[in-house]
Amino acid sequence: YSTSNICIFVNRVEKIRHIYEYLLSTIRLNEISVDYVNSLSKYENILEIERKWSRQDHSLIILIEQSAIDMINLENAKCCVNFDFPKSKTIFAKRLWFMRKFFIKNLKNVEEDLKEKYNFDKSVKMPKSSTGLFELD
């Protein structure tokens, strides 16, 4: 089956425990794992989470405290949830960075589909109209 890795970003460590316990009590753990990273997480635990994350036969929901965002390297999240609103544009961008490989892969798939369906070729130049805008026939 298809796996889905989800990041849930939380600003304060106190909220992580409540959300973590709620998720453990509501999901089927044989299909999805739940874990968390906070500023007190040990390096070995973070490496284990990164290993689980990279498995293709396994879905993972990970809660990440904002102060720990730079401690973990995950790049193919299918979904990023901002449980707490990010405090700056930079923080928001760092959170979205966790989706970069998933986004790039799907963008390539969309591009391939467009090329196949519409014989789309990047090398084709469209003439500008007298208004300076591109027009389709």
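Phe103 lies in helix α4 (residues 100-118); helices here are DSSP runs of H or I with at least four residues, strands runs of E with at least two, numbered from the N terminus. Together with Ile104 and Leu107, Phe103 forms a nonpolar patch on the surface, with about 300 Å² of accessible area. Accessible areas come from the Shrake-Rupley method with a 1.4 Å probe. Such a patch joins nonpolar side chains within 5 Å, from residues with over 30% relative accessible area and no salt bridge (a Lys or Arg side-chain nitrogen within 4 Å of a carboxyl oxygen of Asp or Glu).

This is a predicted model, in which local features need pLDDT of at least 70 and side-chain atom pairs count only at pLDDT 80 or more. Residues are numbered from 1 along each chain, and side-chain values use heavy atoms, without hydrogens and water.

Helix α1 (residues 13-26) has buried residues Ile16, Ile19, Tyr20 and Leu23, where buried means under 20% relative accessible area and exposed over 50%. They lie on the same side of α1 because they cover an arc of only 105 degrees around the axis, taken from the directions from the helix axis to the C-beta atoms. An α-helix has 3.6 residues a turn, so residues three or four places apart point the same way. On the other side of α1, His18, Tyr22 and Ser25 are exposed. The buried residues of α1 pack against β1 (5-10), β2 (32-37) and β3 (59-65), with contact meaning heavy atoms within 4.5 Å.

In helix α2, Ile46, Ile49, Lys52 and Trp53 are buried. These residues fall within an arc of 120 degrees, so they line one face of α2. Tyr43 and Glu44 are exposed on the face turned away from that buried side. The cover over the buried residues of α2 includes β1, β2 and β3.

How values were computed: Buried < 20%, exposed > 50% of the residue type's maximum accessible area, 1.4 Å probe, protein only. Patch = residues over 30% accessible without salt bridge, like charges linked within 9 Å, V, L, I, M, F, W, Y side chains within 5 Å.
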